[in-house]
Amino acid sequence: MVESDPVIDLELPSPLILGSGSFTRKLILKEMGINFDLLVMPINEKAIGDRSSSKNVVELVSLLAKAKGDHVAETIASDAKIRESLKGEEWVVLTADQVVVQGDSILEKPESIVEAKSMVQSYGSNAPKTVGACVLTHIPSMTQVSGYDSAQINFNESLSENSDDLVDRLLSDNAPILSCAGGLMIEHPFVREYISSIDGTEDSVMGLSKDLVLKLLKELKQKLN
């Protein structure tokens, strides 16, 4: 049974504008029954925020998600052609960002296969945690609401010995591990073999907490009333 669209139920502008090219975020919105159009406007993420310590992680992902939302909103406001391609005269843009935290370190997308293997090897003995932020921006009012969510993934110790093999198998299966924070792809069956438990929700680990999205949609509706 397909769920009703919570954006429409709340009488917010629909379809939602998703400012993310993430496959898993698109999948999660579809699972929620949310209709959306895609409008991805890249920013220079490395120029934003402090990555020196995991103590700053919530501020980091929040800043990045907000910067993405601001950029999409400013582009819509200034580009008549884009506005014409979108339905309606007002919109809600969803942007998000996620990093993986391990101890005091912040892990983003691996820049090489070697780095991915090193990250994955460490997860067998030191459980990683995902921290993700979501921002909803209403256009043209530029009203914003934001929040964050986190989850810890507990892996079997055997992952440490089999990490290179796991990464090689993922690559052979064309899994985009270099596009995932920390090289984490818990939705892939090869990775699931090594997961013992998750403290939190699977959708949060995959990059977008359903509960958080629903909470923010309600907050946005209240702010706009």
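The model is a predicted one, in which local features need pLDDT of at least 70 and side-chain atom pairs count only at pLDDT 80 or more, while totals for chains, interfaces and linings use all residues. Residues are numbered from 1 along each chain as its sequence is written, and side-chain values use heavy atoms, with hydrogens and water left out.

Strand 3 (residues 91-102) and strand 5 run antiparallel and are joined by 11 bridges; two strands pair if DSSP finds at least two bridges between them. Asp97 also stands opposite Ala133 in strand 5. Because 12 of its 12 residues are buried, strand 3 is largely enclosed by the rest of the structure; buried means under 20% relative accessible area, exposed over 50%, and partly exposed in between, with a 1.4 Å probe and protein chains only. In a regular strand the side chains alternate between the two faces of the sheet. Trp91, Val93, Thr95, Asp97, Val99 and Val101 point one way from strand 3, and Val92, Leu94, Ala96, Gln98, Val100 and Gln102 point the other way.

With strand 4 (residues 105-107) strand 3 pairs in the antiparallel sense over 3 bridges. These two strands form a hairpin with 2 residues between them, and Gly103 in the turn has a positive phi of about 65°.

Strand 5 (residues 129-139) is likewise largely enclosed by the rest of the structure, because 10 of its 11 residues are buried. Strand 5 pairs with strand 6 (residues 144-155) in the antiparallel sense over 9 bridges, and Leu136 stands opposite Val145. Here the hairpin has 4 residues between its strands, and Met142 in the turn has a positive phi of about 65°.

Attention now turns to a loop. Ser20 lies between strand 1 (16-18) and helix 2 and counts as buried, because its relative accessibility is 7%. Leaving aside neighbours within four places in sequence, Ser20 is in contact with Arg25, Leu38 and Val40, contact meaning heavy atoms within 4.5 Å.
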